[in-house]
Amino acid sequence: FLIHVLTYFSAMTDRNEVLSLYGLDISCTTLRWQGWSPNHKYVEKLTISNLNTKTLHIAIKSAPRSAYFAIVSTSTTNSNNNTTATTTNDGVIKLRGGHCRKVQIVFCPTTIAQYSDRLILSVASSQSDIIIDLIADIPKSVLQIPKTLDFGFIAVKERSCITFDMTNDGDQRISYQWMTQNSPLNFESKSGIIQRTETKTIQVTYTPPMANCVEMRVACKLHKLHHNSDDDDNENENMFPEHSENTELVWLTVRATCTYPFFKISTQCLDMGAISIGDVVTRKLRIENVSTVATQLQMVSEDAHNHLQNVFS
């Protein structure tokens, strides 16, 4: 029983235990990175708040040992949100009562793999350590696409286009297929194969039937291809096996604000005056688009069979 108690106090990983024992509120005791890709930098923040009235000295007993995690010097903020720069060359954080310290942990992966490390903190005059686990899960997909695509303001019943990039950051080829069977959106190209480190530009077109604000979610089915093939661009039924751990769905949210265009004209009647036969008279008509959308304009005769329509141009 005695050995169990000593082990219990030697390391603490529970946020509530740390709060109860030291009066320190730690935002989390496990920092987790997800959805990352190699050769990029990702930052997570760890906030330590001193809820006591006295100053506490918190030592960084053990920094992350791997080369993939690193601590970035940050600042201390009091309850009035006033920020003062702090430096701890000796690895000790001096945290006054009512202040909080934001510690930034940088994660720099180099390959697709599971990463883990830990940050160990200790409070002065204490026998217990506070362990912060650092975990980077293997990303489910290494295909980078935007989460949201926004058309902005577009005209009703007119075709609008927008493009985005799909990038394969992994070391395997990926086949993809946009699931647009019941969607008013059109993707070009709808399906294909993206090679390693390749980027493809996808064009999305949409013709809104009415004026409203729309938000649509479109799924893209992905499948990692393990074996190289000389016929990479052929699309067949084996690209997406029904039951495979290498097949997944990613989602794209598409937004648009659809409205009618409005025009302002300088006059509703152009008086050409008295004109002699064979003379040419010019009058100016100013047409201004006062709406938030761009649109196309075509001038047509009210009566297509009117013999005078060839007189005006």
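Predicted model: local features only at pLDDT ≥ 70, side-chain atom pairs only at ≥ 80, totals over all residues.

Reader: How many disulfides does the structure hold?

Author: A disulfide is a covalent bond between the sulfur atoms of two cysteines. Here the rule is a pair of cysteine sulfur atoms within 2.5 Å. By that rule, the number of disulfides is 0.

Reader: Is cysteine 28 buried, exposed or partly exposed?

Author: Buried means under 20% relative accessible area, exposed means over 50%, and partly exposed is in between (1.4 Å probe, protein chains only). Cysteine 28 has 21% relative accessibility, so cysteine 28 is partly exposed.  Cysteine 108, at 28%, also counts as partly exposed.

Reader: How many salt bridges are there?

Author: Side chains of opposite charge can pair when their charged atoms come close. For the count, a side-chain nitrogen of Lys or Arg must be within 4 Å of a carboxyl oxygen of Asp or Glu. That gives a total of 5.

Reader: Which parts does the salt bridge between arginine 15 and aspartate 25 tie together?

Author: The closest N and O atoms of arginine 15 and aspartate 25 are 3.0 Å apart. Helices (H or I, at least four residues) and strands (E, at least two) are DSSP runs, numbered from the N terminus. Arginine 15 sits in one and aspartate 25 in the other, so the bridge ties together helix H2 and strand S2.

Reader: Is aspartate 137 buried or exposed?

Author: Aspartate 137 makes a salt bridge with arginine 32, at 3.0 Å from N to O. The two are 105 residues apart, with arginine 32 in strand S3 and aspartate 137 in the loop between strands S12 and S13. Arginine 32 is partly exposed at 39%. Aspartate 137 has 17% relative accessibility, so aspartate 137 counts as buried.

Reader: Back to aspartate 25: which residue in S4 stands opposite?

Author: Two strands pair if DSSP finds at least two bridges between them. S2 and S4 run antiparallel and are joined by 3 bridges. Opposite aspartate 25 stands serine 49.

Reader: And in S10, which residue is the bridge partner of lysine 45?

Author: S4 and S10 pair in the antiparallel sense, over 8 bridges. In S10, the partner of lysine 45 is glutamine 104.

Definitions and conventions. Residues numbered from 1 in each chain as written. Heavy atoms only, no water.
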